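Reader: Could you walk me through a few local features of this model?
Author: Gladly; here it is.

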Amino acid sequence: MKKRRLLLVTLLAFCLAGCGEDAGSDSDKDNTKEEKPTEKEEDTGKDDEGGKEEGGSETEENVTGLPSFTVYSNSMSTEETLELDSGSTPYGTVVYPRISMAGGSKAYPALDAALDVYSETVHDEALRNLADMAGIFSESPDLVEDAYNGSSQSAYMTVSRSDENVLSLQVICDAFSSGAAHPVSWFEHVNFDAQTGAELELDDVITDMDALPDLIFDNLESVADPDYVFSEENEEYESVMDSIDFLIEQDALSWCLTDTGICFDFDPYALMYYAFGPITAELSYEDYPELFSEKYGPTDAMLSTSGRVNYQDGEESEFAWEDISEIYYENMYEPANLVTSWTVTAPEWTMEAWSRDGAPAGEKSPWDFKEVDKSDLMYADDWAADHGFELPECAFAEGESSVSDGFYVYDFSNQADEHDYFSVNVTDIEAGEEYFFDLGSFIFTPERGTYFTEPSIRNAVMSDGVLYAEICHCTYAADQPYTGYIVAVDASTGEVLWRSAMQVANGNNFIVGEDTIICGYGFTEEDDYIYVLSTKSGEVLKKIKVKNAPDYFIPADDSLYVLCYDVAYEYNVVEAE
């Protein structure tokens with residue numbers, strides 16, 4: 001099974017030129033970095049990896065006392081190719097940066113050493129990513145036949161500030177995986193103390209971390225359309241502020257220092273929906289002089305990086321699968337307490353329920369649900385607090401997340417665009433035993449509409465040796481009808497026992513009982529129901545109409561609370577007559 005690794009960041013290099021500057025102003029861009037050459041340099045003065053120069057000129061250092069750098073854009077690709085209608089394309093291609101000191105290494109030896117380590121780390125991660133790309137196709141020949149493009153990752157670097165105290169690097173990244181609906185993009189900036197070579201933390205630079213969230217939001221509000229998102233009057237205000245607070249608490253802000261201030265770059269999805277794109281906020285030294293520490297704020301010696309940074313093409317390398325396959329397999333792990341590891345095979349795709357053993361004749365719900373209360377709902381967490389409940393946990397729609405029900409810990413990897421990163425690892429808390437289920441075969445469905453999205457494992461429950469996993473797509477059923485279902489997998493064999501009908505389960509949680517599963521489905525302009533499924537076959541035994549999409553199911557004694565989009569129901573659960 002695969003251990004999920006943090007991918008090397010990327011975006012487009014032309015998005016980077018100077019935070020807070022007008023993207024349409026070429027003259028402004030010229031002040032922040034030199035143009036990258038359009039032709040590959042004949043002699044780069046680098047070693048085998050497009051890196052450290054053998055003898056850089058110390059001319060600029062003698063004049064300013066500041067270091068100079070060369071930033072290389074290296075690339076590596078697989079020798080193996082996909083034969084497409086448009087021609088041959090590698091299984092995978094990775095573009096990655098390498099930075100070295102062209103002048104000043106004697107005056108800044110710690111920084112010189114730190115950049116060597118950083119560049120080697122970036123190179124090694126790029127090679128691991130390339131091995132993953134090659135491994136996906138080499139280990140799954142059927143993907144080669146179905147693929148309509150190869151996989152790629154790119155990372156481009158710009159030096160945003162360099163002086164006697166600080167070296168800040170903006171790194172903009174993107175990745176496009178074969179079969180994905182769209183590319184993903186993100187930022188991974190890095191900042192060094194020029195004297196010690198240590199990587200800077202945000203609180204090394206900012207003196208008032210408590211004030212930072214409001215300052216960031218105020219900046220976003222000042223540069224955005226006042227009638228649009230970033231306004232305290234907008235309904236998204238609390239959500240945006242919560243996201244900013246969370247990123248700061250998790251030390252997950254991507255930031256860098258520039259000649260004019262500090263730049264915060266937010267990935268798509270970090271604050272808003274994907275189509276909104278990346279978002280940038282900048283707090284200037286001039287507007288907030290007290291916000292910056294004395295050491296890393298503006299200095300008299302802070303000069304433009306123009307003339308001290310040379311951007312050029314680096315080495316282009318090709319690797320055969322046989323040469324990098326070992327790296328691919330090194331990324332796989334076998335925990336000592338692993339009991340089973342299964343690659344689960346999806347059954348045939350049908351809209352109706354599928355069962356290995358067929359549906360038992362005459363199955364009926366053993367329960368009836370009597371509605372006893374219905375009330376308006378504003379926020380589910382407030383409702384839960386008022387009623388003395390805790391909301392059930394659920395997995396993130398994208399990325400990695402961990403959920404516990406008190407008996408098991410469920411570690412989800414919802415990276416469907418990476419093909420093999422679609423899995424759940426289940427840990428028995430008491431026994432310490434682990435069960436791994438690779439659900440990658442559930443990614444590729446027969447139909448993909450205009451607004452197709454990759455699936456996510458919304459939640460899972462292990463009960464009596466069976467894993468029940470809820471899989472859904474955050475899109476319209478018209479664009480992805482094969483969505484919102486529960487699959488039951490035998491934990492001892494990895495075999496699918498049954499799969500429910502489509503469009504019956506996309507809530508944040510579901511409840512597994514001895515004979516039945518309670519779940520729910522709803523979406524924009526689609527039918528909203530609570531469903532009762534059989535644990536033996538996945539067949540629908542009962543459905544209950546509700547006003548809108550059921551999000552949470554909370555059992556309490558003989559009652560069931562169902563929290564929908566804007567209404568809360570209370571049912572009395574009784575034995576069916």
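**A loop tyrosine, a helix and a sheet**

Author: Leaving aside residues up to four places away in sequence, Tyr288 touches Leu215 and Leu283, where contact means heavy atoms within 4.5 Å. This is a predicted model, in which local features need pLDDT of at least 70 and side-chain atom pairs count only at pLDDT 80 or more, while totals for chains, interfaces and linings use all residues. Residues are numbered from 1 along each chain as its sequence is written, and side-chain values use heavy atoms, with hydrogens and water left out.

Reader: Where is Tyr288 found?
Author: Tyr288 lies in the loop between β11 (279-284) and β12 (309-319), with strands (E, at least two residues) and helices (H or I, at least four) being DSSP runs numbered from the N terminus.

Reader: And is Tyr288 buried, exposed or partly exposed?
Author: Tyr288 is partly exposed, at a relative accessible area of 25%, on a scale where buried means under 20%, exposed over 50% and partly exposed in between (1.4 Å probe, protein chains only).

Reader: Switching to α7, which residues are buried there?
Author: In α7 the buried residues are Tyr237, Val240, Met241, Ser243, Ile244, Leu247 and Ile248. They cover an arc of only 155° around the axis, which puts them on the same side of α7; the arc is that of the directions from the helix axis to the C-beta atoms.

Reader: How many bridges join β21 to β22?
Author: Six bridges join β21 (residues 466-473) to β22 (residues 485-490), and the two strands run antiparallel. For Glu470, the bridge partner in β22 is Ile486.

Methods. Two strands pair if DSSP finds at least two bridges between them.
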